[in-house]
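Reader: I'm new to looking at protein models. Could you show me how to read a helix and the aromatic rings around it?

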Amino acid sequence: MLSSGQFFYIIGGLTIKVVLFYSLCMKQYKRFKGLLLIVCLVGLLVGCDEIINFDDLFSANNVPMTRTTVVSEESLTDSIRKHPNIPPDVVQVEVERVVDGDTFIARVDGERERLRMIGIDTPESVAQDESRNTPEGVIASEFTNRYLDGATVYLEFDKEQRDQYGRLLVYVWMEDGSMFNRTLVREGYAKLMTRPPNIKYLEEFKSDRANAIQRNK
């Protein structure tokens with residue numbers, strides 16, 4: 001079935017032919033010149049958009065077209081939502097500096113804090129008594145630095161928030177939904193160090209340690 005544009009295009013073409021034939025026969029071309037021009041324009045303007053899809057034409061030739069893109073508020077919310085593995089009651093921070101394998105510095109609630117990962121212990125690498133520093137500690141520190149330095153992380157606290165040195169005790173969640181404390185254990189860079197009452201993930205740490213031993217980590 002013909003669309004309105006195609007109908008006018010056909011009618012316009014037929015009208016042009018009839019008027020042109022009549023004017024030539026009657027030698028009245030000049031008299032109908034204005035009418036011919038009007039009919040041509042109407043036929044072309046109304047009908048061409050139906051015959052030729054200009055959107056497809058521009059797209060096929062990679063010519064950019066100006067369009068208004070509306071981004072819904074729901075889409076924006078989804079793009080910044082935390083990974084589902086990350087608990088809801090966490091504090092987002094950016095790591096300023098890694099101290100060693102299990103300690104780093106970040107601003108929490110506007111205060112520059114030294115943070116210690118809960119449930120694990122990596123070998124020493126920056127002890128004042130250099131005899132306590134080990135190659136394994138340097139390797140663990142380098143691993144932590146590779147993943148945490150400058151990274152955005154999410155801090156989860158347990159029942160006891162500070163140790164005897166005033167450091168904040170935290171579980172460190174990465175943006176991909178993994179807990180970095182567990183990664184250090186699973187990859188063999190840290191051993192378990194359980195200090196009640198902070199035992200929320202004790203069983204998970206035990207499983208990670210067993211997995212590391214099984215893989216000779």
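This is a predicted model: local features need pLDDT of at least 70, side-chain atom pairs count only at pLDDT 80 or more; totals for chains, interfaces and linings use all residues.

Reader: Which ring does F180 pair with?

Author: With Y147, in a tilted aromatic pair, 6.2 Å centre to centre and 45° between the planes. Y147 sits in helix 5 and F180 in helix 6, so the pair ties together parts 33 residues apart in sequence. Y147 itself is partly exposed, at 42% relative accessibility.

Reader: And how do I read helix 5?

Author: Start with the general idea: an α-helix has 3.6 residues a turn, so residues three or four places apart point the same way. Now the case here: the buried residues of helix 5 are G137, A140, S141, F143, T144 and L148. They cover an arc of only 160° around the axis, which puts them on the same side of helix 5. P135 and R146, on the other side, are exposed.

Reader: What covers the buried residues of helix 5?

Author: The cover includes strands 1, 2, 3, 5 and 6, along with helix 6.

Reader: How many aromatic pairs does the structure hold?

Author: Seven. One of them is stacked: F143 and Y189, 4.2 Å centre to centre with 20° between the planes. F143 is in helix 5, while Y189 is in the loop between helix 6 and strand 7, 46 residues apart. F143 is buried at 7% relative accessible area, whereas Y189 is partly exposed at 24%.

Terms used. Residues are numbered from 1 along each chain as its sequence is written. Side-chain values use heavy atoms; hydrogens and water are left out. Buried means under 20% relative accessible area, exposed over 50%, partly exposed in between (1.4 Å probe, protein chains only). Helices (H or I, at least four residues) and strands (E, at least two) are DSSP runs, numbered from the N terminus. The arc is that of the directions from the helix axis to the C-beta atoms. Contact means heavy atoms within 4.5 Å. Rings of Phe, Tyr and Trp (its six-membered ring) pair if their centres lie within 6.5 Å; planes under 30 degrees apart count as stacked, over 60 as edge-to-face and the rest as tilted.
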